[in-house]
Amino acid sequence: MITASPTHAAGVAAARVPILELRKLDKRFTGTHALKAVDLAFLPGEVHAIVGENGAGKSTLIKLLTGVHVRSSGEILWQGAPAHITSPHDAIALGINAVHQEVVLCPHLTVAGNLFLGDEEVKYGMLQHRRMVRDAQKILDDIGFNLPAGGMLGALTIGQQQLVATARAATRGTKFLIFDEPTAYLTRQEAAQLFALIRRLKARGVTIVYISHRLEEVFDLADRVSILRDGELVSTSRIEDTDEEKLIRGMINRSIEQIFHKDVVPFGKPIIETRHLSGRGFADVSVSVREGEIVGLYGLIGAGRSEFVLSLFGREPATAGEILWQDRKVTIRSERDALNLGIALAPESRRDQGLCLNLPVGFNINLPILPRLSRGPLLSGRAETEHADRQIGDLRIKTASRNAPASSLSGGNQQKIVIGKWLNHGAKLFIFDEPTVGVDVGTKAEIYRLMGTLLRQGAGIILISSYLPEVYELSDTLHVFRGGRLAASYGHKAASHEEVLTRAIGV
Amino acid sequence: MSTTQSGQLPPAGKRLHIPFGLTLVALLVVLCVLLTIFTDSFMTERNIPNLARQGAMIAILALGETFVIITAGIDLSVGAVVGFTSVIVAMLLTNGVPIWASILITLAIGVGIGSFHAFGIVKMGLPPFIITLATLTSLRGIGLLMTNGATISITNDSFTEFSRNDLLNSLFGIDISPFDIPNLFAMVIVVAIPAWLYLSHSRWGRYLFAIGSNAEAARLSGVNVVRTTYTAYILSSVCAAFVGLLLASRIGIGNATQAEGWELQAIASSVIGGTSLFGAVGSWHGPLLGAFILATINNGANLLNVNSFWQRIITGGLIIVIVYFDQLRRRKR
């Protein structure tokens, strides 16, 4: 029975009725099979870790459980009875809460205001500010978070905000709490506070689902661990019965290697070279990219690779070291400088940075090369339609027409535009930041093919990816970032997956 | 196997697609027919040229405003710019500056005001609403200071003559009076043709849409967001300065309090013409049609002896109705 028994030994847990059970849970998006008939049971009072590469289906699983997405087929059983979770509200009503990677709170309210948001203490129709701050402080002290309840949320660090979000999720009658990479932005002390809270919640009988790339945390906290790969459940095992090597082997998919078709292009002259480059979030990074070369950057979130690349693109200029562009020393102070040199960036977030979503497909494809589609001051309508149609054909973009808004396309097809629009631009260095996130296997292969085309045109590519097989198979040179520095560099497939992952995690 | 996921691609060519512009033309025609039937004074050789003149100034203002709104910005200052530049041109002319120089200087001041707006937005990081609200009040203040609150009469006859005359008459001396195109209306065409080329047939026009849709994506695609923003606000202010010239010519005075509330009429015309205040949606012809629809309604209401207070209420209601239908149309797509 699930009457709050504080004992949580693994042997006892195995005998208990699952608080939440997934039966053949399946989720398809247009063009993507994100979760494939997953069977999984969560026991009351256990910490259940879920590990897997990016795109393995972890976030889809969270979104199904928290009502952000609705399952395509299969069943979710809550305390033995079928549950219909069709909105976040349904999930919260059951007692399922999640702490997301990104903080979704109101920065202009106080910590207390955020804790009680939607559930404010009111007397005679008036907000009881002082009482809420007092009560919030009690809650925070009680769960061991060292935070000021009366302070503005926006004045806290990202890590502290994350703790506030955690406190909020943990204190609303929650029986099932999901953490998605909770320590990505936390300092060591903050992480310690979080782990202490997780242990206390577990002792109270709350089920914890813990998702993290950091395996040492998994071994520190979890009772059981499940591995997801390409939307499928690989295994679930008790933590005593597994080790890091087994987990890593389970996470890496061998069969997928076939799709990493790599064009072998002879290297040409150097395009860019950094010498001991330092800036915010990274230090002493020396890398170079030649014509026809893919340079992969791998590392965990916060390891400094994005910060490094954004400094190459002029977003946050480097503070020390030098950049050589085609053997000439240059300074890149703005994005305009970068674009003028011939650096193009395909950003990680399609929706926010990559596309004009409510404008037509053809508009987006043509945007970077409009000057070349113009004759004098005026655009040539025929050149525009011809180029757009040709690109739609070449890139195999599935769209009703070039006039359909980009938002009507699937994620994979949108990503093909984000990358494909540069094909005829003539930039020399391409920075691809997570080019295949949320993209199905077939589209991935097409995106890799596009990269090959760019290489043959004499361009160089910097590839950032959290998906190890991708950077591993495609990179001619692979740099591993950890803690803002280069932790290791390898030639094409010169080290094993295990070694690369080990260097990135730093175990 | 799952069957619940529906395809996201819209069915191609299934729905009959009527351009919004054509709907507006139809609305304008219906209005004219109704007014011809229900009044004796609408379809007359006095009223039609008068209506064309009335609508022309708001139409040009609305067109300039549309460039800014497409970038997801707003320019609240255009009415004030009209009043201010009418003072400038009146002062220049009274001081004996030749007409051509007065016109150029006035337009140059429009460039200056637009640049200032863009500077505030791009460099100072002010929201467009705020910076143009600030110039809305301060430009009128500056104009009043310069004239000490007085009205400057323009004594230059060839300048004031322009707005009363018709196109063929002033160009070739041919007098076919009621059938000629009023000069003020001709000015709409003079502005509309380059606006059409710019917005629909040049890359710089595309950049306005790109910025209005997603400035970040535009910047990453190599669009010079700063320069494009400057262009949009300069075009808006220059159109307003141009209207200031036309107004000064029409009423023969320079006064900083003129054109009160025209910014709202310009925005309303643009929105009625299908421009989205969220940016990235708009055309060159929409605001022109919107302006003439509004002008026709006001004109008709006058002829029907509808209380002028009611006219304001009707205009407000019309904005809600037209934009609501446009929203419905968009949602269906």
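In α11(B), the buried residues are B:W262, B:E263, B:Q265, B:A266, B:I267, B:A268, B:S269, B:S270, B:V271 and B:I272 (buried: 20 or more other C-beta atoms, placed from the backbone, within 10 Å of the residue's own; exposed: 12 or fewer; partly exposed: in between). That makes ten of the eleven residues in this helix, which spans 262–272 of chain B, so α11(B) counts as mostly covered. Just past the end of α11(B), B:G274 takes a positive phi of about 95°. Helices (H or I, at least four residues) and strands (E, at least two) are DSSP runs, numbered from the N terminus.

This is a predicted model, in which local features need pLDDT of at least 70 and side-chain atom pairs count only at pLDDT 80 or more, while totals for chains, interfaces and linings use all residues. Residues are numbered from 1 along each chain as its sequence is written, with chains lettered from A and ligands numbered from 1 in the order in which they are written.

Chain B has 13 helices and two strands. Its radius of gyration, 21 Å, is close to the 20 Å that the globule rule gives for 333 residues, so chain B is as compact as a globular protein of that length (the radius is taken over C-alpha atoms, and the rule is 2.2 Å times the number of residues to the power 0.38). Along the principal axes, the C-alpha atoms of chain B fill a box of roughly 85 × 55 × 40 Å, and buried residues account for 47% of the 333 in the chain. Of the contacts in chain B between residues at least 6 apart in sequence, 77% link residues at least 24 apart (contact: C-beta atoms, placed from the backbone, within 7 Å).

B:S153 has 14 other C-beta atoms within 10 Å, so it is partly exposed. Beyond its neighbours within four places in sequence, B:S153 contacts B:G252 and B:I253. The C-alpha atom of B:S153 is also 8.1 Å from that of B:T94, 59 residues away along the chain.

Where the chains meet, 26 residues of chain B are in contact with 32 residues of chain A. On the chain B side, the elements giving two or more residues are α8 (183–201) and α9 (203–220), and α9(B) gives the most, with eleven. The chain B side divides into eleven nonpolar, eleven polar and four charged residues (nonpolar: Ala, Val, Leu, Ile, Met, Phe, Trp, Tyr, Cys and Pro; charged: Asp, Glu, Lys and Arg; polar: the others, Gly among them).

The largest nonpolar core has 227 residues, and A:I343, A:F430, B:I60 and B:L61 have the most contacts inside it (core: buried Ala, Val, Leu, Ile, Met, Phe, Trp, Tyr and Cys residues joined through C-beta atoms within 7 Å). Helix α10 of chain B (225–251) supplies the largest share of this core, 14 residues. Not counting residues up to four places away in sequence, B:I60 touches B:M187, B:V188, B:V191, B:C239, B:F242 and B:V243.

Over in chain A, six strands make an open sheet of mixed pairing, in the order β19-β22-β23-β16-β24-β25 (paired strands: at least two DSSP bridges between them). β19 (343–346) and β25 (485–491) each have a single partner strand, so one side of each is left without a neighbour in the sheet. On average, neighbouring strands are turned by 20° against each other, direction ignored (axes are lines fitted to C-alpha atoms, for helices over the stretch in contact, and angles run from 0 to 180 degrees between N-to-C directions).

Inside this sheet, β16(A), residues 294–298, is largely enclosed because five of its five residues are buried. A:I294, A:G296 and A:Y298 cover one side, with A:V295 and A:L297 on the other. Four bridges join β16(A) to the parallel β23(A), residues 460–464, where A:V295 partners A:I462. Another four join β16(A) to β24(A), residues 477–482, also parallel, and there A:V295 stands opposite A:T477. β22(A), residues 429–433, runs parallel to β23(A) with five bridges, and A:F430 faces A:I461. Helix α18(A), residues 497–505, lies across β16, β24 and β25, at about 30° to β24(A).

A further open sheet in chain A has six strands of mixed pairing, in the order β6-β9-β10-β3-β11-β12. Its edge strands are β6 (96–99) and β12 (232–238). β6(A) runs parallel to β9(A), residues 176–180, through four bridges, with A:A98 partnered by A:I178. Helix α7(A), residues 188–203, lies across β3, β9 and β10, at about 145° to β10(A).

Technical notes. Two residues are in contact if their C-beta atoms, placed from the backbone, lie within 7 Å.
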